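Here are a few friendly notes to read alongside the model. Please have it open as you go through the points.

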Amino acid sequence: MDSADYRTTSCYPDGLAPTRRAFLASLATAAAAAGTSCSFDTETEMSSPGVTQLPSIPPGGFPIGSVQLNFNENPLGPSPRAIEAILDSGLVKANRYTYIDPLIEAIGRHIGMPAENVLVGCGSTEFLQFAPWAFLQDRGSMVVSDPTYGWTAGVAETMGRRVIRVPVDTQGVVDSQRMREAIRRGTRVVYLVNPNNPTGGSIPHEEVVSLVEALPSNAILMVDEAYNEFLPEAGRTLDLVRQGAPVLVLRTFSKVYGLAGLRLGFAIGPMSVLTQLRKVWWEDFGINTAAQIAGPAALGDQEHVRRYIELVDSGLIQLRSGLSDFGFAPFPHRAPFMMVDLGRTTDAIHRALYERNIFVQPGSKWGMPNFLRVSVGTAEDNAAFLNALQEMTV
Ligand SMILES: Cc1ncc(COP(=O)(O)O)c(C=O)c1O
């Protein structure tokens, strides 16, 4: 979730509770003491000094007619089948806590894995939030690429754990060799986002395998596959899970399925990994009734997914050609967003676009001040962004 406000108040006590009940109690106490909810903005951790960051969501919400190219959302909307399923249900069971087994089984069938290898959560963020609690409980470091999606590293740091950041290469691709070299005896989590957000670069399956091989005992590779449908070898990390490798794969309904607002994600791992994660997992508490109904229906609508992938592929061509015509240097990757080097700091351009209700992300949020990150939208959205950028810069 890119939109949360960054709050500096620590949400977590350093000591971690060994049981779920104690864990939940400690969370409630910490939140009450802080007087705020827990929230890490994954996109605002590295603002340029002296630059006042604009809020991710304008006060009062996005104005009607906004061009929202800032959160990598699916502009086609939710799968109509998911909406129909919710409406047909009438949500008459919303007074009850959710029964999540059918959802887990539907996901298992869809990915070709036994249900026992699947956990569902309140977006994949639930797992990004709790993985450090599960795997860095006593001690240990996390290795991440830099930049990358910041949530889970933010939690680890708030817990007082060391996060080792490994720069991506000049094209924004995760440098798996340097990631391997950064792994220490005490490393417990290596976090890989593939394709990487915000840069869009991806690494091939054999490099993912090489990261697993470099893990010390008791460590896991957590592969965040929020955008896995855009990988040339989509789905191969599940083979590692099938082999029992210490891998935790995270997936989401927020992107290709267009259900970001319903909050539904899942984790896939071998029993050894899930046993640890279950200690802090929210079980059925993370899943709302509407999401539980929509999930299986959305999985059954692969046509909707296909339409979105096509939209992204043509949008990438449109954006890349427009940006290159203006003399800018977009990264060449396949993902539903793109980073582009404008050859000058982009904060003022970002602000000017914002004032015209065109919302993108400034690279300064990730220490890349000459870049903008733009999500792929509809052809009209992309054109609106390109036209405005041309007026401002060319
Ligand atoms: C790499 C990555 N992981 C996780 C998320 C959050 O996903 P969810 O909506 O499932 O919590 C995002 C959202 O932008 C993301 O880019």
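The points below cover a helix pair and then a strand with its partners.

1. A word on the basis: this is a predicted model, in which local features need pLDDT of at least 70, side-chain atom pairs count only at pLDDT 80 or more, and totals for chains, interfaces and linings use all residues. Residues are numbered from 1 along each chain as its sequence is written.

2. Do look at helices α4 (residues 125–135) and α5 (residues 151–158), which pack at about 30 degrees with their axes 8 Å apart. That makes α4 roughly parallel to α5 (angles under 35 degrees count as such). The crossing of these two helices, α4 and α5, is right-handed.

3. On the α4 side of this contact are Thr125, Leu128, Gln129, Ala131 and Pro132, and they meet Trp151, Thr152, Val155 and Ala156 of α5 (contact means C-beta atoms, placed from the backbone, within 7 Å). By type, the residues of the contact are six nonpolar, three polar and no charged.

4. Turning to strand β3 (residues 141–146), five of its six residues are buried, so the strand is largely enclosed by the rest of the structure (buried means 20 or more other C-beta atoms within 10 Å of a residue's own).

5. Strand β3 has parallel partners in β5 (residues 187–193), through four bridges, and in β4 (residues 163–167), through five bridges (pairing needs at least two DSSP bridges). Val144 has Tyr191 in β5 as its bridge partner, while Asp146 stands opposite Pro167 in β4.

Definitions and conventions. Axes are lines fitted to C-alpha atoms, for helices over the stretch in contact, and angles run from 0 to 180 degrees between N-to-C directions. Angles under 35 degrees count as roughly parallel, over 145 as roughly antiparallel, 65 to 115 as roughly perpendicular and the rest as oblique. A crossing is left-handed if the near helix is turned anticlockwise from the far one by less than a right angle, and right-handed if clockwise. Two residues are in contact if their C-beta atoms, placed from the backbone, lie within 7 Å. Ala, Val, Leu, Ile, Met, Phe, Trp, Tyr, Cys and Pro count as nonpolar, Asp, Glu, Lys and Arg as charged, and the others, Gly among them, as polar. A residue is buried if 20 or more other C-beta atoms lie within 10 Å of its own, exposed if 12 or fewer, and partly exposed in between; C-beta atoms are placed from the backbone.
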